[in-house]
Amino acid sequence: MSGFPSRRSNGPIVVSSAVLLASFLVACGGAKLTDSAIPSGKTAPPITLVEMKGMPADKAQMLTELVAEAAGKRDVAIVQGAFGEGYRLDGSFTVSVEGKTATIGYQWTLADATGHLVHSISGSESAGAAKGNPWAAAAPEVLGRIAEGTANNLAYRLSELGYATRAGSN
């Protein structure tokens, strides 16, 4: 699993699960649910975030947490490790520098449990000034924009497949 820090304990999984649960509780806290506020359809299966090729481990871990948080706001569960019959999400990342500005390119593929391609997402985000290592320009707010766009795109696609999601939520 290239791009992920070595796993020595279940700590990152527990933290990611706690972040996801906290995000869900904060998003629902104090809000009065009405029939129009409840998405219709079946519950979306969990999406296992498997691999992030080309991204340094520290940035991959941060992006994993940000994607899980953003997806949780949209009633989509992002998990690490095997999780039954859900979906698999793999990412591939590049960083390029033009002039003094770094740009992060990304390509996500979503596949079902049998490996059949369900959806793909691609895009790029300007990461700002690149000094030395261009990945240093991938600040939390840049990774946050990638996470929000990815989560929203996943929620829309899952909604098209008949799952109850909150596409467009922030």
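The structure is a predicted model, in which local features need pLDDT of at least 70 and side-chain atom pairs count only at pLDDT 80 or more, while totals for chains, interfaces and linings use all residues. Residues are numbered from 1 along each chain as its sequence is written, and side-chain values use heavy atoms, with hydrogens and water left out.

The chain contains three helices and seven strands; helices (H or I, at least four residues) and strands (E, at least two) are DSSP runs numbered from the N terminus. Along the sequence, these elements follow the pattern α-β-β-α-β-β-β-β-α-β. Of the 170 residues in the chain, 39% are buried, where buried means under 20% relative accessible area, exposed means over 50%, and partly exposed lies in between (1.4 Å probe, protein chains only). Contacts are defined by heavy atoms within 4.5 Å. Among contacts between residues at least 6 apart in sequence, 67% join residues at least 24 apart.

Helix α2 (residues 57–72) and helix α3 (residues 140–160) have axes that come within 8 Å and cross at roughly 45 degrees. Such axes are lines fitted to C-alpha atoms, for helices over the stretch in contact, and angles run from 0 to 180 degrees between N-to-C directions. The two helices α2 and α3 are therefore oblique to each other; angles under 35 degrees count as roughly parallel, over 145 as roughly antiparallel, 65 to 115 as roughly perpendicular and the rest as oblique. The crossing of α2 past α3 is right-handed, a term applied if the near helix is turned clockwise from the far one by less than a right angle, and left-handed if anticlockwise. On the α2 side, the contact involves Lys-59, Met-62, Leu-63, Leu-66, Val-67, Ala-70 and Ala-71, which meet Pro-140, Leu-143, Gly-144, Ile-146, Ala-147, Glu-148 and Ala-151 in α3. The residues of this contact comprise eleven nonpolar, one polar and two charged. In this classification Ala, Val, Leu, Ile, Met, Phe, Trp, Tyr, Cys and Pro count as nonpolar, Asp, Glu, Lys and Arg as charged, and the others, Gly among them, as polar.

The largest nonpolar core has 36 residues, of which Ile-47, Leu-63, Ile-78, Phe-93 and Trp-108 touch the most other members. A core of this kind is a set of buried Ala, Val, Leu, Ile, Met, Phe, Trp, Tyr and Cys residues joined through side-chain atoms within 4.5 Å. At least two residues of this core come from each of β2 (47–53), α2, β4 (87–98), β5 (101–111), β6 (117–129) and α3. Helix α3 gives the most, with eight residues. Leaving aside neighbours within four places in sequence, Leu-63 is in contact with Met-52, Met-55, Phe-93, Trp-108, Leu-143, Ile-146 and Ala-147.

Tyr-106 lies in strand β5 and counts as buried, at 11% relative accessibility. Beyond neighbours within four places in sequence, Tyr-106 is in contact with Ser-92, Phe-93, Ile-121, Ser-122, Gly-123, Ser-124, Glu-125, Ile-146 and Thr-150. Thr-48, in strand β2, is likewise classed as buried, with 9% relative accessibility. Thr-48 and Asp-90 are 42 residues apart in sequence, and their C-alpha atoms are 8.6 Å apart.

Glu-69 lies in α2 and is partly exposed, with a relative accessible area of 30%. Asp-75 is placed in the loop between α2 and β3 (78–79). Although not a glycine, Asp-75 has a positive phi of about 60 degrees. Asp-75 is partly exposed, at 23% relative accessible area, and its C-alpha atom is 7.9 Å from that of Ala-155, 80 residues apart in sequence.
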